[in-house]
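Have the model open beside you as you read.

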Amino acid sequence: MAADTRLRAVCVAGPSDAGKTTLVERLVPRLAEDGRVATIKSIHHDIEVDTPGTDTHRHRTAGAETVVGITPTTTFEVTTHGKDAPPAADGDTLLEADDPEIQALSRTLERLARRGYDTVLVEGFSQSPLPTVLVGDRDPATVGGPVVGRGNDEIDDLVDTIRTLEGVAI
């Protein structure tokens, strides 16, 4: 990737059940008209994403740091590094932070940028310095990035705003 490549990334933040996922579902197809879109979801509790007993689960529990499963229609990756223990930095991080959660987000954005994504919608990670769309009655002072829209804004206006974001330099 060229040094001047930019990745548009925006957080969608708000309280639980405020409509963040519904908004992401509405934004993805519109933004996909412009290029590749990825999403990142902050999950505050551990979940099992790899069914116990499957070969990929067995690989992971045997000690593999990363397991990639490839099916006829889907590729998935399970990596042991989460928010509590993000992989070590090779140098400067995309999003400067001491917070392990933001470091994990930064590493993920870097991987997605290297894979050629144009836009990433980040559900949660409200303390990141990324531009943020607030959903529900969240106080703008409680988020880490500049507020660029609200969940009740017209979808066309939100899409236009995201399209004009400068993006993060990669």
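## Strand E1 and its partners

Strands E1 and E6 run parallel to each other, paired over three bridges; two strands count as a pair if DSSP finds at least two bridges between them. Within this pairing, Cys11 stands opposite Thr132 of E6. E1 also pairs with E5 in the parallel sense, here over five bridges, and Val12 has Glu123 of E5 as its bridge partner.

How many residues of strand E1 are buried? Seven of the eight (the strand spans residues 6-13) are buried, so E1 is largely enclosed by the rest of the structure. Buried means under 20% relative accessible area, exposed means over 50%, and partly exposed is in between (1.4 Å probe, protein chains only).

## About the model and the whole chain

This is a predicted model, in which local features need pLDDT of at least 70 and side-chain atom pairs count only at pLDDT 80 or more, while totals for chains, interfaces and linings use all residues. Residues are numbered from 1 along each chain as its sequence is written, and side-chain values use heavy atoms, with hydrogens and water left out.

The chain holds four helices and eight strands, in the order β-α-β-α-β-β-α-β-β-β-α-β from the N terminus. These elements are DSSP runs numbered from the N terminus: helices (H or I) have at least four residues and strands (E) at least two. Of the 170 residues, 36% count as buried. The chain exposes about 9700 Å², and carbon and sulfur atoms supply 48% of that area; accessible areas come from the Shrake-Rupley method with a 1.4 Å probe, and for residues only the protein chains shown count as cover. Among contacts (heavy atoms within 4.5 Å) between residues at least 6 apart in sequence, 58% join residues at least 24 apart.

Start with Ser128, in the loop between strand E5 (119-123) and strand E6 (132-134). Is Ser128 buried or exposed? Its relative accessibility is 0%, so Ser128 counts as buried. Beyond its neighbours within four places in sequence, Ser128 is in contact with Cys11, Ile102, Leu105, Gly144 and Gly145. Cys11 is the residue that stands opposite Thr132 in E6.

Asp17 sits in the loop between E1 and helix H1 (20-31). At 80% relative accessibility, Asp17 counts as exposed. Val78, in strand E4 (residues 75-79), counts as buried at 10% relative accessibility. The C-alpha atoms of Val78 and Arg60 are 8.0 Å apart, with the two residues 18 apart along the chain.

## Helix H4

Which residues of helix H4 (residues 155-163) are buried? They include Ile155, Leu158, Val159 and Ile162. Seen down the axis of H4, its buried residues fall within an arc of 100°, so they line one face of the helix; the arc is that of the directions from the helix axis to the C-beta atoms. An α-helix has 3.6 residues a turn, so residues three or four places apart point the same way. The buried residues of H4 pack against E1, H1, E5, E6 and strand E7 (147-150).

## Salt bridges

A search of the whole structure finds six salt bridges, each a side-chain nitrogen of Lys or Arg within 4 Å of a carboxyl oxygen of Asp or Glu. One of them joins Arg163 and Asp34 at 2.5 Å, N to O. This pair links distant parts of the chain, with Arg163 in helix H4 and Asp34 in the loop between H1 and strand E2 (37-41), 129 residues apart. Arg163 is partly exposed at 28% relative accessibility, and Asp34 is partly exposed at 39%. Arg163 also meets Asp160 in a salt bridge of 3.9 Å, N to O. Both lie in helix H4, three residues apart, about one turn of the helix. Salt bridges that share partners join Glu33, Asp34, Asp160 and Arg163 into one network.

Lys41 and Glu123 form another salt bridge, at 3.4 Å, N to O. Lys41 lies in strand E2 and Glu123 in strand E5, so the pair ties together parts that are 82 residues apart in sequence. Lys41 is partly exposed, at 46% relative accessible area, whereas Glu123 is buried at 7% relative accessibility. Glu123 is also the bridge partner of Val12.
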